[in-house]
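Okay, thanks everyone, let's get going.

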Amino acid sequence: MIESQLQKHIFAAKALPIRTEQTILSNPIEYLKGVGPLKGDLLKKELGIFTFKDLLEHFPYRHIDKTEIKKIKDISPATDYIQVAGRIISCEVMGEKRGKRLVATLRDDSGELELTWFQGVHWIQKNIQPGQVYIVFGKVSFYMGSPQITHPEMDLFSPEKSDGRPFLEPVYPATEKLKARGLSGRQIGKLVYTLMGLLSAKDLPENIPDTLVQELQLLPRFDAYANIHFPAGNDVYQKALYRLKFEELFLAQVRLGLIRSNRHRYAKGMVFDRVGELFNNFYRDYLPFPLTGAQKRVLKEIRQDTVRGYQMNRLLQGDVGSGKTIVALLGMLLAADNGYQSCMMAPTEILAQQHHAGLKDLLADMPLEVALLTGSTKQAERKKILARIAEGDIQIVTGTHALIEDAVQFRNLGLAVVDEQHRFGVAQRAKLWSKNEIPPHVLVMTATPIPRTLAMTAYGDLDYSIMDELPPGRLPVTTVHRYENARSQVMDFIKAEIQKGRQAYIIFPLIEESEKLNYENLMKGYENVKAYFPEPPYWISMVHGKMNAEQKEANMQRFVSGDTQIMVSTTVIEVGVNVPNATVMVIESAEKFGLSQLHQLRGRVGRGAEKSYCILLTGSKVTTDARERLKIMCATNDGFVIAEKDLELRGPGDIEGTRQSGMLNFKLASIVQDKHLVDLAKQLAEKLLSEDPDLSMAVNLKLKTYLQAQKGQTSWSKIS
Ligand code: ADP
Ligand code: MG
């Protein structure tokens with residue numbers, strides 16, 4: 001029956017592309033009955049619906065139970081959507097020009113209700129039949145104390161005939177523009193209904209292995225799609241939702257797993273099979289402290305990665321202060337022991353300089369050449385360094401973006417460390433890889449905490465190490481929230497700390513839209529600080545975006561060396577800077593910062609043996625969201641807990657570094673709400689791939705066929 005419907009449809013439409021059973025879903029949307037070129041264009045522009053498949057995956061965001069007809073007198077301000085039945089007793093156009101609207105009155109045996117339209121006024125006026133009984137559905141609002149429905153759905157009431165509408169009617173997302181052109185959420189529902197009528201189980205073949213379908217009691221795909229749109233009841237709707245969410249997450253995990261294992265098996269990498277003198281001598285003689293268990297574990301992972309002959313691509317996530325730098329250094333020594341060069345890329349000039357200075361210190365008595373290469377390296381110096389890098393005279397280069405410029409040619413780059421990777425685009429990373437015929441091992445380090453499940457999904461194609469242990473003896477930073485009216489107490493507190501020989505940061509927010517405003521804001525803040533801390537006896541450093549690198553460095557240096565006790569800055573010091581003697585961090589207008597940024601900033605204190613404090617200053621008016629963030633900051637120092645909260649508050653789309661990954665654009669599943677399902681999908685995908693890495697077993701044929709048919713995202717050439 002559906003087949004013949006399909007045939008009819010096909011023959012009715014002109015110039016249809018040749019289709020096979022599998023391609024009905026790839027049909028352009030305008031070929032669907034009821035769409036056509038004009039509406040087709042709108043669907044494309046407004047909702048990104050280009051094909052039948054896109055429409056099928058345009059899921060309703062809720063369903064409305066329309067079996068119940070209420071009385072008008074039962075409407076209260078608490079009423080949301082309502083369905084009533086009554087007679088239209090009047091209908092007239094009111095107002096002029098932009099204020100023009102159609103107002104109708106609906107009456108049942110309990111009261112009257114006003115219906116209003118602002119759009120499509122004439123069309124509705126022509127079609128509405130005063131005197132007739134309608135079933136009216138819509139969202140209730142109150143205007144001057146009386147209930148009304150704007151743009152209601154209307155159906156002529158006919159008690160004997162059911163029009164076949166499902167009891168649970170889907171509500172689809174639609175834009176204002178679509179609504180104005182006759183494509184309301186409801187109209188879209190009709191299109192989906194038409195589409196479902198054209199499809200059969202064959203068009204939506206199973207893509208999850210039967211064993212899993214049975215184990216998890218998943219609905220067949222076709223049934224799942226049918227019931228997510230037009231459920232026969234709530235139970236089956238939940239089952240449909242479960243199936244499709246699982247499918248979405250599971251397929252994503254399988255894809256990532258395949259990318260990862262292909263890289264493990266096919267991307268050739270240098271072999272670091274020697275743990276030599278450099279590594280061993282350093283470890284024995286110059287390591288300033290015993291490594292933490294987490295540092296040792298990650299080091300071991302790096303050693304295993306680099307000995308196999310395949311490229312390492314590892315994400316090292318460690319909370320601020322967990323000691324990632326030394327791990328990177330040991331990795332670079334390993335590279336040097338095997339005759340390879342390494343580089344360490346930092347997101348800012350200051351951080352690159354600090355890394356370089358730190359490395360130079362630690363390696364002072366080692367037979368190794370290190371260099372710094374940044375945007376502000378002088379031309380002559382630069383030339384010299386470039387030549388020595390090309391010759392292989394320099395083993396370890398620290399730098400900024402300048403490192404990935406074409407002019408930088410390594411003799412044999414074996415390891416690229418990327419610090420604070422969220423500032424580097426994926427494309428830039430790739431550029432680093434292309435510096436050799438065989439790509440260097442890549443170690444990406446980030447302190448921006450990302451919830452584990454999210455990281456596994458966003459960076460699922462990378463191997464993943466975690467350092468969840470801080471070096472011993474760290475005192476947790478005490479964090480408090482203070483309002484503006486406590487400013488002088490806060491300043492007194494800083495004074496007391498300075499008296500004890502400590503240093504303090506005072507951070508101002510960065511207003512992205514305006515550099516000028518930033519500058520003015522900071523200057524005002526600076527004057528304010530100076531009023532509390534006159535020079536002498538106090539000395540203040542300031543770093544801001546308008547300074548050139550030398551000025552920044554000079555100011556930074558004065559703070560690092562202890563010549564100044566206070567550092568006034570915008571967020572440029574956010575990442576990586578290490579001044580263990582600083583024990584106070586005051587964050588001005590703290591409500592303007594995001595959670596992960598606050599956490600990063602706070603990570604600048606609590607780095608030494610002294611007790612440290614973070615003071616979040618705000619005005620008296622703070623939004624609920626901001627208040628929640630401040631509360632979280634005061635409650636915990638754990639970056640991973642903060643990350644989980646951040647995810648809950650903001651949703652995954654906004655988490656730094658995940659946006660470009662594209663792996664989080666799930667249509668149905670939510671990484672936050674469906675966490676257990678995310679974990680389950682991941683676990684099952686991993687199990688499947690460990691048993692059948694090529695998807696060559698018969699049970700996985702459906703999955704493989706499906707993935708191969710999904711073109712675009714990934715190259716599947718490696719799955720044969
Ligand atoms: P991050 O992971 O934030 O980059 P760093 O590498 O800058 O952290 O290390 C933070 C501080 O902790 C540095 O002063 C570093 O010397 C120190 N540190 C690192 N590892 C240890 C350790 N195992 N024991 C004691 N101090 C350590
Ligand atoms: Mg660091």
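Predicted model: local features only at pLDDT ≥ 70, side-chain atom pairs only at ≥ 80, totals over all residues.

Residues are numbered from 1 along each chain as its sequence is written, chains are lettered from A and ligands numbered from 1 in the order in which they are written, and side-chain values use heavy atoms, leaving out hydrogens and water.

Back to glutamate 206. Who is its partner in a salt bridge, meaning a side-chain nitrogen of Lys or Arg within 4 Å of a carboxyl oxygen of Asp or Glu? That's arginine 243, with the closest N and O atoms 2.8 Å apart. The two sit 37 residues apart, arginine 243 in helix α9 and glutamate 206 in the loop between α6 (185–198) and α7 (210–215); helices here are DSSP runs of H or I, at least four residues, and strands are runs of E, at least two, numbered from the N terminus. Arginine 243 is buried too, at 0%. And there's a network: salt bridges link Glu206, Arg221, Arg243 and Glu247.

Also in α9 (residues 234–266) is phenylalanine 246, buried at 0%. Leaving out residues up to four places away in sequence, phenylalanine 246 touches Ile208, Leu216, Leu218, Leu677, Leu680, Ala681 and Leu684, contact being heavy atoms within 4.5 Å. Its C-alpha is 7.8 Å from that of alanine 669, which is 423 residues away along the chain.

Across the whole structure the search gives 25 salt bridges. Another one joins arginine 502 and glutamate 610, closest N and O atoms 3.5 Å apart. Those two are 108 residues apart in the chain; arginine 502 is buried at 15%, and glutamate 610 is partly exposed at 37%.

The axes of α11 (residues 293–307) and α12 (residues 324–337) come within 10 Å and cross at roughly 30°, so the pair counts as roughly parallel, which takes an angle under 35 degrees. On the α11 side the contact includes Val298 and Ile302, and on the α12 side Leu330 and Leu334 are among the residues.

Technical notes. Axes fitted to C-alpha atoms, helices over the stretch in contact; angles between N-to-C directions. Parallel < 35°, antiparallel > 145°, perpendicular 65-115°, else oblique. Buried < 20%, exposed > 50% of the residue type's maximum accessible area, 1.4 Å probe, protein only.
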